Amino acid sequence: MPATRDPTQLAAWGVLQSHRDSLASSTLRELFGRNPGRFDEYRLEACDLLLDYSKNRLTRETLPLLLRLAEECELPQWIEALFEGHSVNTTEGRPALHMALRGSVTRSVDAGDVGKLVSAELDKMTAFVNAVERGEIKGATGKPLNDVISIGIGGSDLGAVMVTEALKDYATGRTRVRFVSSIDGVDLGDVLADADPERTLFVVCSKSFTTLETMTNARAARQWVADKLGDERAAGDHFVAISTNDKAMDSFGVPAGHRFAMWDWVGGRFSVTSAVGLPVALAIGMKNFRDLLAGAREIDEHFRDAPLATNLPVIMGMLSIWNINFLGLPHFAMLPYDQRLHRFPAYLQQLDMESNGKRVRRDAEAVATDTGSIIFGEPGPNAQHSFYQLLHQGTRDVPVDFLVPAEGSGDFSDQHKLSIASCLAQSRAFMAGRSEAEVLADLTAGGMPTDEAMQIAQHKVHPGNRPSNTLVFARVEPATVGKLIALYEHRVFVQSAIWGINAFDQWGVQLGKILADQLIPSVDNDERPSQLDSSTDGLLDYINRLRR
């Protein structure tokens, strides 16, 4: 595999810092004024997607320098190592072959030929989904199971929720699919309130089949079925599992024909195009699910084959490096302008922050620069009336990605025209802003006295110069959602390759799980782990008093 380097010690890094300093006094408005053809120069079309990155703080010199950094970090070699099945997940000694889930890789690993494994599992999913649609999968009382409740958390939930919501217009109508992730009991209680135990199929997704939140909800669901049907043994007929732990599934009572595989060469947050997407397939049917895979595969092949300068994930990843490490902009906002994509920001939060929220490089040395982004987002029309104020006039510049389909998902096309207009207006406003002179001219033209106008003007100034990308596509459809998934997966990998970190482990997630296991016996009683800090001890005492 390529070597792990400290990027700050590479020649290109120093050149980029000098170039950054030379641009310090230039604003985006000025850059557009000097180059009226800026859009044509800083746009990229591939895979039926258009990326407009002209509203980033860059000149003709910037991108070649960023690509020089990519070359010095051996990004092309890292991309090839990823697709060739090398152990890019260095701390766990595993490859990261989520691309194989959509047929982009056919390598052999310890478990066997990944292409054959994936193909067999897809065939098994197809048979199961088709059988559910035909009413052939029946519960303990002989009624078809068509009310699907998926139980998972994190990577076993967020991707499937996002895709199911995004493709709601493609639902077959043969099943109702809902999701449970929270351990607080409210989530499960809400979906069970109107569920028919005779017709409910639970999909339990947990690689280890020991995840605290998932298995707590799964056991409660199993008891609900048993209580409602009056038979403990009947519950197993109402469960499907996606896991690697056959022994635990045996103990739980999942029938052999109701089990689907997960593999250690696919991380949870990269797994929605595997059997983890079974709830998606049950909602939209296997044809649409395969179209989702085809869209992801198209981006996979583009990422592997396209030159760096015309490679969508590479350009997006290097722009994020530019914003984070050279312009000092650690935040990032995801703003889709279609309500169907309302869960995409949450999906991206996990994909990016769990992957690149690392402080140590692959070689176990501390990183010498910032890694990862602080990500938030919301569908654009709602965000305009919540946090856009901070984006426009706050003290922090926040780079944003606008996602805008030319055709809306709903039946009201005129309303989507307003959404498009709003998106483009906001993009322009972030770039150009509004100067004091322009504000004063507007106020005085409206009849306000000059003295009064000068008092209020500063409150209406918009600095502008906020960087953004706009990603345009025809519509939210299965192939497009697959493309978005793969595009941002590979953008994350590009960032990790430059920083020299492992994007495929998540040790930070494990600590909280370990400590939670230790504290469970302390809720409702006075039992305490040894050496507990005074804050946690005091909070437990107070909460237990309230509970009693």
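## A81 and its position

A81 is buried, as its relative accessible area is 4% (buried means under 20% relative accessible area, exposed over 50%, and partly exposed in between, with a 1.4 Å probe and protein chains only). A81 belongs to helix α5, residues 75-83 (helices, H or I of at least four residues, and strands, E of at least two, are DSSP runs numbered from the N terminus). A81 and A445 are 364 residues apart along the chain, and their C-alpha atoms are separated by 62 Å.

The model is predicted: local features need pLDDT of at least 70, side-chain atom pairs count only at pLDDT 80 or more, and totals for chains, interfaces and linings use all residues. Residues are numbered from 1 along each chain as its sequence is written, and side-chain values use heavy atoms, with hydrogens and water left out.

## Largest pocket

The largest pocket holds about 860 Å³ of space. Pockets and cavities are found on a 1 Å grid over the protein atoms alone: a cavity is a set of points where a 1.4 Å probe fits but cannot get out, a pocket is an open set with protein on both sides within 12 Å along at least five of seven lines, and lining residues have an atom within 4 Å of a point. Grid points are joined across faces, edges and corners, and a volume is the space filled by probe spheres set on the points.

The largest pocket is lined by 39 residues, of which K207, T211, Q506, Q510 and K513 are the closest to its centre. Two or more lining residues come from each of α9 (212-229), α14 (344-356) and α21. The largest share, 7 residues, is that of α21. By class, the lining of this pocket has 13 nonpolar, 16 polar and 10 charged residues (Ala, Val, Leu, Ile, Met, Phe, Trp, Tyr, Cys and Pro count as nonpolar, Asp, Glu, Lys and Arg as charged, and the others, Gly among them, as polar).

## Cavities

There are 5 cavities of 30 Å³ or more in the structure. The largest cavity has a volume of about 120 Å³. Its lining consists of 15 residues, and those closest to its centre are S320, N323, F332, N469 and R491.

At least two lining residues of the largest cavity are supplied by each of α13 (312-326), β10 (331-336) and β12 (400-405). The most come from α13, which gives 5 residues. The lining of the largest cavity divides into 7 nonpolar, 6 polar and 2 charged residues.

L511, I514 and L515 make a nonpolar surface patch of about 280 Å². Patches are made of residues with over 30% relative accessible area and no salt bridge, where like charges are joined within 9 Å and nonpolar side chains (Val, Leu, Ile, Met, Phe, Trp, Tyr) within 5 Å. Accessible areas come from the Shrake-Rupley method with a 1.4 Å probe, and for residues only the protein chains shown count as cover.

L511 is located in helix α21, residues 507-519. Its relative accessibility is 52%, so L511 counts as exposed.

## Salt bridges

The whole structure has 43 salt bridges (a side-chain nitrogen of Lys or Arg within 4 Å of a carboxyl oxygen of Asp or Glu). In one of them R29 pairs with E438, with the closest N and O atoms 3.1 Å apart. Because R29 lies in helix α2 (residues 28-34) and E438 in helix α18 (residues 436-445), the pair ties together parts that are 409 residues apart in sequence. R29 is partly exposed at 35% relative accessibility, and E438 is partly exposed at 27%.

R528 and D541 form a salt bridge with an N to O distance of 2.5 Å. R528 is in the loop between α21 and α22 (534-547) and D541 is in helix α22, so this pair ties together parts 13 residues apart in sequence. R528 is partly exposed, with a relative accessible area of 22%, and D541 is partly exposed at 30% relative accessibility. A salt bridge also joins the side chains of D250 and R259 (2.5 Å, N to O); R259 counts as buried, at 12% relative accessibility. D147, R176, R178 and D194 are linked in a salt-bridge network.

## Positive phi

Most residues other than glycine have a negative phi. C47 has a positive phi, near 55 degrees. C47 sits in the loop between β1 (43-46) and β2 (49-52) and counts as buried at 13% relative accessibility.

N465 has a positive phi near 65 degrees. N465 is in the loop between α19 (450-460) and β13 (468-473), and at 16% relative accessibility N465 counts as buried.
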